Amino acid sequence: MIRKISFSFSKSIKTPAQMQPCTPELLNAALDDQLVRNTCQEIAAKLKAVNEGTLTRKAFNQQKTKLKEDNLPVVCFHANFSDGYRHNQSAVPSGLSIYDVDHLTIDPRAYYKNKVAGREVELGISFAHVSPSNEGIRLVFEIPQGMCLAEAQQWMATQLEDDTYDGSVKDLARCSFVVCRDYVLYYDEEELFAEREVSEAVTNVTNDTPFSAPLPPLSEGESYEDNFNGVSYPQIIKAMEEQLGGVPAQGARNNFIFTMSCHLRYVCNDDPRWIAQIMPRYGEDEQKFMSTVRSACNRPQTKSMPDLMKRAIEQARRQQQIDKMVEANGIHAQKPPVMPKKLTKFMRNITKNVPEHLKPAVAMGVFPPLGAHCKGVKFRYNDNALVEPTFINVLAAEMSSGKSCVNEPINAIMADIKEKDAKNRKMLQEYKEQYDACPANEQKPMRPKAPVQWVKSDMTPAAFVQMMADAEGRFLYSRLDEIGLLNQLKTNGKGNNVTEILRLAYDCGEYGQERVGTKSVSECVEVRYNVNASTTPGKCRRFFKDSLLDGTLSRISFCTIYTDDDRMPLYGVYDDKFQKQIQTFVAHLNEAKGLIVCKKANKLATEMIEENRQYSALTDDDTYRELSYRATLSAFKRGMVLYILNGQKWCNEIEDFVRWSYHYDMWCKMWIFGENMRRAMDLDKAVMLPGRPNLMELLPDTFTLEDLNAVRRAQGMKGDGSALLRKWVSRGYCTYDPVTKKYTKSAQFLAKHQKRAA
């Protein structure tokens, strides 16, 4: 089976109940620990005394044992332990073995050079070191496929032409003392901590679980709970599988089922029938499976639940919460959230002429023209800010997918504005002709008040400001078949900063220009500009690539077209009858004035804000969190527009649509921009990191070279700090005691940095 964490570590051999998965950080820190180095040096000094005849071998062995047990961490390369206890019952084989060569009569380094050096890859060795006694070596190697521990030992002995080997290493719970870095002969960190396949032959330890009588069936009316404290058992099983290294491969099932059962008994009332009901068989024979479960339940049980089981339950609880949120939100689903079947009367009418897969695009795309009908209409959001029905919608879908489906519904909504615009455009054209034909010595005609709302994107700043002023609080509106056309709207004479206008449009921000000329436009207006645009996902990403973090994307609502059906879509008929039906709804928007209040809409917004906050925390997704704020506001505004269209009557259909439109908008944003935004946010945070801190301020008043090196590693620095310490001493920042080998901050340094040091 594949296991990510392969072996165990403990700070002391005296604490067999505190085994934890070993990581490169734990092992490297132990190898570099000053106490470990001092202990190895002290043992070496005592061995020298033995060789010189000043210390007996018996005394040396006693003192060596005490020094190792008191000061050295241990590593069990053979296994990790599902319950944290170093014993064979809970051992999960790692696929590694150790080979000890003890009591050498020659220098251990010479032995390694002559017999092992250069053959590490051939022998599967990933770690080798001189033993703490300084009289032997220890090799850590990968067990060849199909061998158990004892067979692997014999194989290595044969490879090294060694007639004897330590037979106790076949014990899965056998551990090794950690040595200092100077004793390491070979270390391939990547290979040592690699994931590897482990077969049943790895271990000689088996569970004696003979088959006994079948478990009695549940009596009539008897049943078991399907959850433990609200956490479903299937979710707990998944978490346990992860904690134990993954689903077992063939050959490792019995040990896995036994270990799993030993833990599940804590949440299944120690009942083998309950465990058997919730646990998969993993391909094991039913009789052998039941025998293993029964054996696990007969094993002596501790009073408190093992930490591994607690971690699995907590992991399952978190994952269950996330799954529920994902199911509701659909953010990470492969398909966008499905639009509600029950819609308001207006939404049913506006979407009735398009196929099902195009309805979401139409439903989202109609809000910019709907909002353009509102003059002076405001809503009070939950933060007490007054907002207006500002909408910018971008339809991002593949080529030839049917993006034009929004055009006819928009035309029907904008029919009344288009009719007024035609009259006003004619009036403006006549004014221009009269103005140009008027002799210079005669008074020029006054510019008529003729607002035009449906405008082209190809406008100069002066034209944009003038048309906004002419609108007198009404919305301008543009529909673009390609989002790149927005670049025609220049916000200054030098470049195309159209995203600035989009941000101002969403917020109804002020924009204008000051000119000296009598014929120039000098106006300051509140930007009210709703936009529909279409594009492909790739072009959409390129268009907004420089606006990922400036708030533009959060102000825009996105939609798409998703379908597995490549047949030509069949549309309904958009006739005068359809247009008249839509205009009866639009009349509600034209008549609405002032502040529109709907307490149920605000209550829904409150619920959604809290739901989104929880979801962001559970997924730990900064991108989602940043986008969710204004997406919730946009959904609220859509709900208020539907509220007006529905005769200012709230209904369940509006609430369902508001929730769906939020999740749909967020799904599209995360689909199009999620990864790019995450990278941009990570880069932005990295740029904002402060400079490197004063390293001495991070150290205690008295410290060692190892303390400094640990601080340097934490700051991402490489190499040894010896040269830096010499510099600090020479400059009077600290003093050095050669007896204790410790450094002490000087009075000069503490006086200058007293506050920070404190």
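A residue counts as buried when its relative accessible area is under 20%. That cut-off is used throughout this report on a predicted model.

Strand 21 covers residues 529–535. Y529, V531, A533 and T535 point to one side of this strand, N530, N532 and S534 point to the other, and all are buried. In a regular strand the side chains alternate between the two faces of the sheet. Because seven of the seven residues of strand 21 are buried, the strand is largely enclosed by the rest of the structure.

Strand 21 is joined to strand 17 (residues 392–396) by five bridges, and the two run parallel. In this pairing V394 has A533 of strand 21 as its bridge partner. Five bridges also join strand 21 to strand 18 (residues 476–480), again with the strands running parallel. Here the bridge partner of Y477 is N530 in strand 21.

Strand 15 (residues 377–380) has one covered face, formed by V377 and F379, and one uncovered face, formed by K378 and R380. Strand 15 pairs with strand 23 (residues 594–596) in the parallel sense over three bridges, and K378 stands opposite L595 of strand 23. The pairing of strand 15 with strand 16 (residues 386–387) is antiparallel and has two bridges. In that pairing F379 stands opposite V387 of strand 16. Strands 15 and 16 form a hairpin with five residues between them, and N384 in the turn has a positive phi of about 75°.

**The sheet of strands 24, 26 and 25**

An open sheet is formed by three strands in the order 24-26-25, with antiparallel pairing. Strand 24 (702–703) and strand 25 (734–737) stand at the edges with a single partner strand each, so one side of each has no neighbour in the sheet. Strand 24 is joined to strand 26 (residues 742–745) by two bridges, and these strands run antiparallel. T702 has T744 in strand 26 as its bridge partner. Helix 27 (residues 722–730) packs on the sheet and touches strand 24, strand 25 and strand 26; the helix direction makes about 115° with that of strand 25.

**Helices 2 and 3**

Helix 2 (residues 34–52) packs against helix 3 (residues 57–71) at an angle of about 180°, and their axes are 10 Å apart. The angle makes helix 2 roughly antiparallel to helix 3. On the helix 2 side the contact is made by L35, T39, E42, I43, K46, L47 and V50, which meet R57, F60, Q63, K64, L67, K68 and N71 of helix 3. By class, the contact has six nonpolar, three polar and five charged residues.

**Salt bridges**

Side chains of opposite charge can pair when their charged atoms come close. The whole structure contains 28 salt bridges.

| Pair | N to O distance |
|---|---|
| E472 and K449 | 3.8 Å |
| R503 and D550 | 2.9 Å |
| R625 and D622 | 2.7 Å |

E472 forms a salt bridge with K449. E472 lies in the loop between helix 18 (461–471) and strand 18, and K449 in the loop between helix 17 (415–437) and helix 18, so the pair ties together parts 23 residues apart in sequence. E472 counts as partly exposed at 42% relative accessibility, whereas K449 is exposed with a relative accessible area of 71%.

The side chains of R503 and D550 also meet in a salt bridge. R503 lies in helix 19 (residues 498–507) and D550 in the loop between helix 20 (537–543) and helix 21 (552–555), so this pair ties together parts 47 residues apart in sequence. R503 counts as buried at 19% relative accessibility, and D550 as partly exposed at 32%.

R625 and D622 both lie in helix 24 (residues 622–645), three residues apart, which is about one turn of the helix. R625 is partly exposed, with a relative accessible area of 28%, and D622 is partly exposed at 21% relative accessibility. Salt bridges that share partners join K603, E607, E611, E655 and R659 into one network.

Technical notes
Residues numbered from 1 in each chain as written. Predicted model: local features only at pLDDT ≥ 70, side-chain atom pairs only at ≥ 80, totals over all residues. Heavy atoms only, no water. Axes fitted to C-alpha atoms, helices over the stretch in contact; angles between N-to-C directions. Helix = DSSP H or I, 4+ residues; strand = E, 2+ residues; numbered from the N terminus. Parallel < 35°, antiparallel > 145°, perpendicular 65-115°, else oblique. Contact = heavy atoms within 4.5 Å. Nonpolar A, V, L, I, M, F, W, Y, C, P; charged D, E, K, R; others polar. Buried < 20%, exposed > 50% of the residue type's maximum accessible area, 1.4 Å probe, protein only. Pairing = 2+ DSSP bridges. Salt bridge = Lys/Arg side-chain N within 4 Å of Asp/Glu carboxyl O.
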